[in-house]
Amino acid sequence: MIEARDLTKDYGDKRAVDGLGFTVQPGVVTGFLGPNGSGKSTTMRLILGLDAPTKGDVTVNGRHYRDHVAPLHEVGALLEARSVHTGRSAYNHLLALAQTHGIPKSRVSELIDLVGLHEVARKRSGQFSLGMGQRLGIAQALLGDPKTVMLDEPVNGLDPEGIHWMRNLLKGLAAEGRTVFVSSHLMSEMALTADHLIVIGRGKLIADTSVDDFVARASQKVVLVRSPDLERLRTVLTGPGVTFEDAQRGALEVHGLTTEQVGDAAAGAGIALHELTPQQASLEEAFMNLTRDELEFAAEMEEAVA
Amino acid sequence: MSAVTPSVKLPRLAVTGRLAFHRVLLSEWTKLRSVRSTKWSLFAGFLLTIAFPIIFSFVTRSHWGSMSASDRAGRHPLDIALAGVNVAQLAVAVLGVLLISAEYSTGSIRSTFTAVPKRLPVLWAKLLDYAVVVLVLIVPAVLISFFASQAILSSISQLHMSFSQPGVARAVLGGAVYVMLVGIFALAIGAIVRNTAGGIATFAAIFFVLPPLMFTLPTSWNNAISQYLPSNAGRQLFALQHASHTLTTWTGGLVFVGYCAAAIVIAAILLVRRDV
């Protein structure tokens, strides 16, 4: 469990994280969403105590991270920025970390096998590709069998197979009762992986909700309707706040009405319907809708400064 | 990740231990030995420490016959034996800075401080590990240097010196202690500056630029101040005779230890306070 209260971080004049308050629950995958530069990585650094908050507080499993007697068993973290000495092999990098907690060598080998780095584990990690570096980071995060797993953009640089593997891993970890906190700027990825979402923009909390509610709340009412008499249907449905978009093969996209409203209106006018489908906005669209205001504000600010 | 399996399970960890200082010590030792350039630098430093006195001894022996009386008087067997200390101090200082600055430049410091979030044990462990490694290498190096140079110079009675002569053992081993302290000082500088180029430049400024600059001061000032510079104070550890306006062995050594302690305290305070 991760609990943040009024978490705030300033870098000079810039406020990177602004009064964030949220709780990440165990047993589910919680997605941490926000556009690039919205403060996700900073928040994770604050959770790990790498940076000190300007204001507010954040605890992991009931304590400040630094106060745990065995930090690696509490939180396993993959940070976005590279965190490996380029001259050291993956094996020795993990071994040095494991040794701080008395974790045996066999565990290091086990994790290297789990992430599929066996072939290159003795090579200098500076020669690693982005995907290999990412796998090493994942092995590092899981080394201590942690209660809380926190990953910053874990699918970055992974191939489709790796992404699939990652999704299964995260779901499996959550199913075991662990707290799983995963950041991403890709909504589509989170739609497939996460159960719960914490959305931030410009360091502020925008939404703390289940994935389903998030989509429902952010999506507009859109209905796809197919009928032999689209022209008449248009006239019947026309009203304030209702717009139309032509879809393929004699279908019409109706914005601003529910399926019930469209169906009832058509029945009332005696118009036959061949299809009546509610269109759910994708998570990507929902996210865009929610963060658009924040982004526009940011752009205006930048222009004002320039 | 090569095989696509419907469910990926993280194997449980049978034993769970706590974070402890002796473990951090072992971890830092693993880091020290697992970077190839570090190993080679230490090995090269070891070899050069021995090579310089040996070369110096051979050159002295072959030219002794043609040297003037004043040239001969200017040769001191201990200077020859400890010629390598000057080389070693540079190698040890650069590596000392690198041990911590490279963690910042590569980003591995984030991993390090995630495993040891209280941070200070990392600094103590690095200092202790490095001090021991330097001593283990440099004590044999100065002993080999002393006995090898004496063996080469055995034909020249004026340059004969016995290890049991008063002050000789102290000076030879003092050279090793000096190099170790240089390593500690440099590591602390690296922790303060957190940047390889900046750390090495800072060290070089204190040890190699500041002393000659002192000669631009009025002589009385220079005489009063210079002896307290880290390098000049530390060098008394391996000086056999004391020139005027230099500190004694023990005062000089203590002053240098004081500089090291001050650098470590500053490094420790900054390490805890600063964001990574």
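Domain bounds, as I use them here, come from an automatic or database domain assignment. For chain A that assignment gives domain 1 (2-217) and domain 2 (220-279), and I find their C-alpha centres 45 Å apart.

I note that this is a predicted model, in which local features need pLDDT of at least 70 and side-chain atom pairs count only at pLDDT 80 or more, while totals for chains, interfaces and linings use all residues. Residues are numbered from 1 along each chain as its sequence is written, and chains are lettered from A and ligands numbered from 1 in the order in which they are written.

I looked next at helix α6 of chain A, residues 160-175 (helices are DSSP runs of H or I of at least four residues, strands runs of E of at least two, numbered from the N terminus). At 1.5 Å a residue (times one less than the number of residues) its 16 residues should span 22 Å, and the end C-alpha atoms, 23 Å apart, agree with this.

In α6(A) I list A:G162, A:W165, A:M166, A:L169, A:L170, A:L173 and A:A174 as buried (20 or more other C-beta atoms, placed from the backbone, within 10 Å of the residue's own). They cover an arc of only 165° around the axis, so they lie on the same side of α6(A) (the arc is that of the directions from the helix axis to the C-beta atoms). Their cover includes β3, α5, β6, β7 and α7 of chain A. Just after α6(A), A:G177 takes a positive phi of about 95°.

Finally, I checked contacts between the chains: 41 residues of chain B touch 50 residues of chain A (C-beta atoms, placed from the backbone, within 7 Å).

Methods:
Buried ≥ 20, exposed ≤ 12 C-beta atoms within 10 Å, placed from the backbone. Contact = placed C-beta atoms within 7 Å.
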